[in-house]
Amino acid sequence: MRAALKFIPIVLIILSALTGLGHNKEKHIKSHNDYVKMKKITLLLIVFVITTALLLTGCSGNTNEKQQNKAAMESHTGDKIMHNMHSMEDHRVSLHLSPEKAKHQLMNMRNHLQAVQQIINYLSKDDFDSASFIASSRLGLTNEMKKMCSSFGNEKFENLGLEFHKSADKMSEVMKTKNKNKALEALTLTLNYCVTCHSVFRQ
Ligand code: HEC
């Protein structure tokens with residue numbers, strides 16, 4: 001398209017030469033009528049060439065724009081797909097649990113979540129004693145939890161689990177002071193362990 005535009009000035013020059021645009025050609029034209037006719041044809045040709053040129057420019061502009069948009073969209077889609085693929089890749093460490101153990105662990109986890117729900121509910125009602133009790137009895141470091149944490153054969157997981165349960169015991173103590181802000185801070189610290197472990201380990 002662009003290449004075609006380069007020829008437009010050349011075409012214009014040739015046309016002007018052929019149709020006698022130059023002043024010195026006037027004397028070769030015999031009658032006035034012929035001269036007027038020539039002038040009309042020249043004008044028509046010029047209008048035709050300019051219109052074609054404008055159309056070509058318009059088309060090529062549009063095409064370029066469309067191509068650029070398409071390319072931009074393709075690269076955007078590509079980025080999105082790459083991003084999704086990247087975020088869907090699971091780089092977490094697998095614990096290689098047997099189906100039975102996996103089931104047991106998930107049940108344990110759902111209990112943890114329920115405990116957090118109860119704690120928040122009690123805190124919202126300023127029932128600090130109940131919140132404190134749930135924190136230690138359901139999330140604290142009991143012998144059962146100690147055994148559970150060490151049964152996965154992964155030291156890092158075990159330590160994270162133990163630290164998590166200890167933080168719940170601390171949270172339980174903080175709740176006894178009946179300071180809601182401090183209680184929520186302590187809950188946040190415990191929840192950080194949930195988030196950290198989930199981002200590092202999978203079944
Ligand atoms: C020491 C590690 C660890 C800690 C701490 C931990 N989790 Fe988990 N949790 C896991 C693992 C591993 C899974 C399985 C995730 C997977 O395979 O994608 C899991 C799964 C879950 C699930 C999914 C249950 C299901 O039925 O699918 C819930 C809910 C959950 N955890 C809640 C919690 C909450 C709430 C806390 C904190 C109060 C917590 N977890 C603390 C390791 C942990």
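**Reading the fold and the ligand shell**

Modeller: Buried residues make up 9% of the 203 residues in the protein. Buried means that 20 or more other C-beta atoms, placed from the backbone, lie within 10 Å of the residue's own. This is a predicted model: local features need pLDDT of at least 70, side-chain atom pairs count only at pLDDT 80 or more, and totals for chains, interfaces and linings use all residues. Residues are numbered from 1 along each chain as its sequence is written.

Colleague: How many helices and strands does the protein have?

Modeller: Elements are DSSP runs numbered from the N terminus: helices are H or I, at least four residues, and strands are E, at least two. Here there are seven helices and two strands. Their order along the sequence is α-α-β-α-α-α-α-α-β.

Colleague: How do helix 6 and helix 7 cross?

Modeller: Axes are lines fitted to C-alpha atoms over the stretch in contact, and angles run from 0 to 180 degrees between N-to-C directions. These two axes come within 9 Å and cross at roughly 170°. Over 145 degrees counts as roughly antiparallel, so helix 6 and helix 7 are roughly antiparallel to each other.

Colleague: Which residues are closest to the ligand?

Modeller: Near means a C-beta atom, placed from the backbone, within 6 Å. The ligand is surrounded by 17 residues, the closest being Met-109, Cys-194, Cys-197, Arg-202 and Gln-203. Helix 3 (99-124), helix 6 (155-175), helix 7 (180-200) and strand 2 (201-202) each give two or more residues to this shell. Helix 3 supplies the largest share, six residues.

Notes: Angles under 35 degrees count as roughly parallel, over 145 as roughly antiparallel, 65 to 115 as roughly perpendicular and the rest as oblique. A residue is buried if 20 or more other C-beta atoms lie within 10 Å of its own, exposed if 12 or fewer, and partly exposed in between; C-beta atoms are placed from the backbone.
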